[in-house]
Amino acid sequence: MNKTFTVKLESETEAAGARLASLLFKGAFIALYGELGSGKTAFTRGIAQGFGIDDIMSPTFTIVREHKDALFHFDAYRLKCADELYDIGFSDYLERGGIIVIEWPENVKEALPVERLDIHIEGSGDSPRTFCMVPRGKRYEEIVNAYNPL
Ligand SMILES: Nc1ncnc2c1ncn2[C@@H]1O[C@H](COP(=O)(O)OP(=O)(O)OP(=O)(O)O)[C@@H](O)[C@H]1O
Ligand SMILES: [Mg+2]
């Protein structure tokens, strides 16, 4: 089942990410959809905080930022196709067991694992943000079922 919730503040978006972190398993794959400035990086910062990582910034100019072996944060904004993601070693990242979060996953659709957690964020600017979590596969359904949107 999908789960939808709405928040007003950036800090609430971060808190929503941090609550998700506690439910994730090694190698979990999170795809974050949403327009520019919707809060994908803010949500990722929250996930990272959940793992005790506090230096999340937008990886737009690097495509991937590694946070030890715990979290690999991709931003596919500037990529045109899945091949470009494989060119920077995507397959290796998938094998290393860290949590993978990817912004602009629609740009690299063919590279997304079938089993994953899709999260759509609607809203930008001063508007509230509505999150819709769409689990793909049983393990992600369990996560979304257990997730407390507050
Ligand atoms: N409820 C909210 N959640 C998240 N961000 C918010 C919220 N309200 C306002 N903001 C602001 O919106 C912006 C979100 O920026 P962020 O970098 O997280 O977006 P993004 O989706 O990663 O964008 P991009 O596609 O450019 O990477 C920030 O400037 C933040 O302060
Ligand atoms: Mg971003």
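**A tour from the ligand to the sheet**

The residues of the shell around ligand 1 comprise 5 nonpolar, 7 polar and 6 charged ones. This is a predicted model. Select ligand 1 and display its surroundings: 18 residues surround it, and the closest are T13, G39, K40, T41 and A42. Next, colour the helices α1 (10–21) and α2 (40–50), each of which supplies at least two residues of this shell.

Now turn to the strands. Which order do they follow in the sheet? The 7 strands are arranged as β1-β7-β6-β2-β5-β4-β3, forming an open sheet with mixed pairing. Select β1 (3–7) and β3 (64–67) to find the edge strands, each of which pairs on one side only. From one strand to the next, the twist averages 15°.

Proceed to strand β2 (residues 29–33) and strand β6 (residues 116–122), which pair in the parallel sense over 4 bridges. Select L32 and look for I119, its bridge partner in β6. Leaving aside residues up to four places away in sequence, L32 touches K40, F43, T44, V101, I102, E103, I119 and I121. K40, one of these contacts, is also among the residues closest to ligand 1.

Select β4 next. Is this strand largely enclosed or exposed? It is largely enclosed by the rest of the structure, because 5 of the 5 residues of β4 are buried. Show the side chains: L71, H73 and D75 point one way, whereas F72 and F74 point the other way.

Finally, examine the two neighbours of β4. On β3, which runs antiparallel to β4 and is joined to it by 4 bridges, E66 stands opposite F72. The hairpin of β3 and β4 has 3 residues between the strands, and K68 there takes a positive phi near 50°. β5 pairs with β4 in the parallel sense over 5 bridges, and in β5 the residue opposite F72 is I100.

Conventions: Residues numbered from 1 in each chain as written. Chains lettered and ligands numbered in written order. Predicted model: local features only at pLDDT ≥ 70, side-chain atom pairs only at ≥ 80, totals over all residues. Pairing = 2+ DSSP bridges. Axes fitted to C-alpha atoms, helices over the stretch in contact; angles between N-to-C directions. Near = placed C-beta within 6 Å. Nonpolar A, V, L, I, M, F, W, Y, C, P; charged D, E, K, R; others polar. Contact = placed C-beta atoms within 7 Å. Buried ≥ 20, exposed ≤ 12 C-beta atoms within 10 Å, placed from the backbone.
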